[in-house]
Amino acid sequence: MVVRTGAGTGARTAGAAGERAELLTFGRAAAELGLLPRELELAAQLGLVPTEPPQRAGGRRRVARAEVARLRAEDGTGGAGAAAALPERLRLVGTAAGAEELGISSVRFTRLARAGCFAPARFYVNRYRVVVWLYLATEVERFGEREPGLLRGPLPPAMRGELAGGADARARGWRQRRVEQLLSERVDPWERAGAYAAVLSDAELAEEVPDAAERGHVVEHRAELVAPARGGSETARRAAEDVLLADSDAEALGYRLGLAVELHAARVDYAAPPSLPVASPPPVAAPSPDASLSTFPAPLPVPLPAPPAPPGGAPPARPAGAARPRRGSLNWLRRGRRRRTGLPR
C-alpha cells in the first residue's frame with residue numbers, strides 16, 4: 001500500500017485554490033471553450049457557465065479558470081467534448097428555422113410564440129427597424145415533444161381568442177427570462193431591487209419609490225437588460241427600448257411587488273442610524289405692552305449730577321468712580337477763597 005504524504009496533498013490543494021482564484025475575461029474564456037464572446041454571454045445568462053462578480057465598480061463579470069477546466073473535462077477524457085456540446089445547447093433559431101425544427105409553417109410558429117408557448121432568448125433590430133426574435137433550439141424541440149397536439153389541427157379556443165385580440169407574449173417572456181437571470185446572480189437586496197427596476201419606467205419607479213434619495217440608490221443599481229447599443233438610428237433604438245419596459249399594468253405590477261419586497265429587505269439590512277436629537281432654541285419672552293417698537297437697543301442710562309449739599313451741611317458725596325479733585329485745581333481755590341472772604345457761594 002502506498003501512503004501519500006501531506007506535502008503532496010497540500011501542493012494539490014494549493015494548486016486547485018490557485019486555479020479557482022484565477023479569473024478569465026469573457027474573451028479569454030470563450031476562446032478556451034471554443035465559443036464566440038456573445039455565445040459565452042448567453043451561456044452565462046442561462047446559467048450554463050457560472051461567473052464571478054466584478055472586482056470593481058463598473059467592471060465586468062469574469063469566469064473562473066476552474067469552471068473552464070470543468071466544462072472541458074465533463075466528458076471524462078479531459079478533452080473538449082463537453083465544451084463542444086455548449087454551442088449546440090446555445091444554438092439559436094429564428095422563425096423559419098424554428099418552424100423547420102417543429103415541422104410546421106412559419107405562420108403557426110409565430111402564433112405559438114405570440115401565445116407564449118416558448119420565450120425568446122434574444123432579439124435584435126434588423127435594418128427595417130423590425131424586432132427579430134431568436135429562440136433556443138433545445139427549448140423549441142422540447143416544446144414539440146411535450147405538446148405535439150399544438151403542432152397540428154386547430155388551436156385551443158382560448159388561445160385563438162387571445163391571438164385574435166392582439167396578444168403577443170414574446171417581449172414579456174423575454175423580459176421575464178432576463179430578470180430571472182439577473183436575480184439568480186444577485187444577492188444584495190439593492191442590486192435585486194435594481195433588477196426589478198430595469199423593466200419599470202421612470203414614472204412607475206418614482207411612484208413606487210417616492211423618496212428621492214432611496215430612488216437614486218435604486219437607479220444606481222439599476223440593471224442593464226442588454227448591452228448599450230452603439231450606433232444605429234434613433235428609430236432602431238426606440239424599437240429596442242420598447243422591448244425593455246413592461247407594456248401593461250398587470251406585468252408592471254408583478255415587478256413593482258418584487259421591487260417593494262427587495263426594498264423592504266434593503267431597509268432592514270442597511271437601516272440608517274437614528275439621527276441625533278436637535279436641541280430646541282430657548283423660548284423667547286413676549287414683549288410687554290409698554291415695550292418700544294424700535295428695533296434699536298435702548299440707550300444706556302446717563303448718571304445725573306448729585307444735588308448740592310445744604311448750607312452748613314456736609315459736602316455732597318462724590319459719585320462712585322469719580323476722580324478726586326486735585327488740590328491745585330481751580331474749583332478748589334475758588335471754594336477756599338469764598339470761605340475766607342465770606343462771599344456768597
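## Notes on a predicted model

1. Touching, or contact, here means heavy atoms within 4.5 Å. Arg256 belongs to helix H15, residues 249–269. Helices (H or I, at least four residues) and strands (E, at least two) are DSSP runs, numbered from the N terminus. With a relative accessible area of 18%, Arg256 is buried; the word stands for under 20% relative accessible area, exposed for over 50%, and partly exposed for values in between, using a 1.4 Å probe and protein chains only. The side chain of Arg256 also makes a polar contact of 2.9 Å with the side chain of Glu208. A polar contact is a pair of N or O atoms within 3.5 Å; within protein, one must be able to donate a hydrogen and the other to accept it, and residues adjacent in sequence count only if both atoms are side-chain atoms.

2. A word on the ground rules: this is a predicted model, in which local features need pLDDT of at least 70 and side-chain atom pairs count only at pLDDT 80 or more, while totals for chains, interfaces and linings use all residues. Residues are numbered from 1 along each chain as its sequence is written, and side-chain values use heavy atoms, with hydrogens and water left out.

3. Next, please look at Asp211, in the loop between helix H12 (202–208) and H13. Asp211 is partly exposed, at 42% relative accessibility. What does its side chain reach at 2.8 Å? The side chain of Asp211 reaches the backbone nitrogen of Glu214 at that distance, and a polar atom of this side chain lies 3.3 Å from the backbone nitrogen of Ala213.

4. Glu214 itself sits in helix H13, residues 212–220. Is Glu214 buried or exposed? At 15% relative accessibility, Glu214 counts as buried. Not counting residues up to four places away in sequence, Glu214 touches Trp190, Val209, Leu263 and Arg267.

5. Now to the sheet. Three strands form an open sheet in the order E3-E5-E4, with antiparallel pairing. Strands E3 (92–93) and E4 (122–125) are at the edges with a single partner strand each, so one side of each has no neighbour in the sheet. Two strands pair if DSSP finds at least two bridges between them.

6. Here is how the strands are joined. E4 and strand E5, residues 131–136, pair in the antiparallel sense over four bridges. Helix H14 (residues 234–244) lies across E4 and E5 and runs at about 155° to E4. For that angle, axes are lines fitted to C-alpha atoms, for helices over the stretch in contact, and angles run from 0 to 180 degrees between N-to-C directions.

7. The E4–E5 hairpin deserves a glance too. It has five residues between the strands, and Arg129 takes a positive phi near 65° there. Most residues other than glycine have a negative phi. Arg129 lies in the loop between E4 and E5 and, at 38% relative accessibility, is partly exposed.

8. Finally, the rings. The structure holds six aromatic pairs. Phe109 and Phe118 have ring centres 5.0 Å apart and planes at 35°, so their pair is tilted. Rings of Phe, Tyr and Trp (its six-membered ring) pair if their centres lie within 6.5 Å; planes under 30 degrees apart count as stacked, over 60 as edge-to-face and the rest as tilted. Both partners are buried, Phe109 at 0% relative accessibility and Phe118 at 6%. Phe109 forms another aromatic pair with Tyr135, this one edge-to-face, with 5.4 Å centre to centre and 85° between the planes. That pair links distant parts of the chain: Phe109 is in helix H7 (residues 106–114) and Tyr135 in strand E5, 26 residues apart. Tyr135 is buried, with a relative accessible area of 1%. Ring pairs link Phe109, Phe118, Tyr135 and Phe143 into a cluster.
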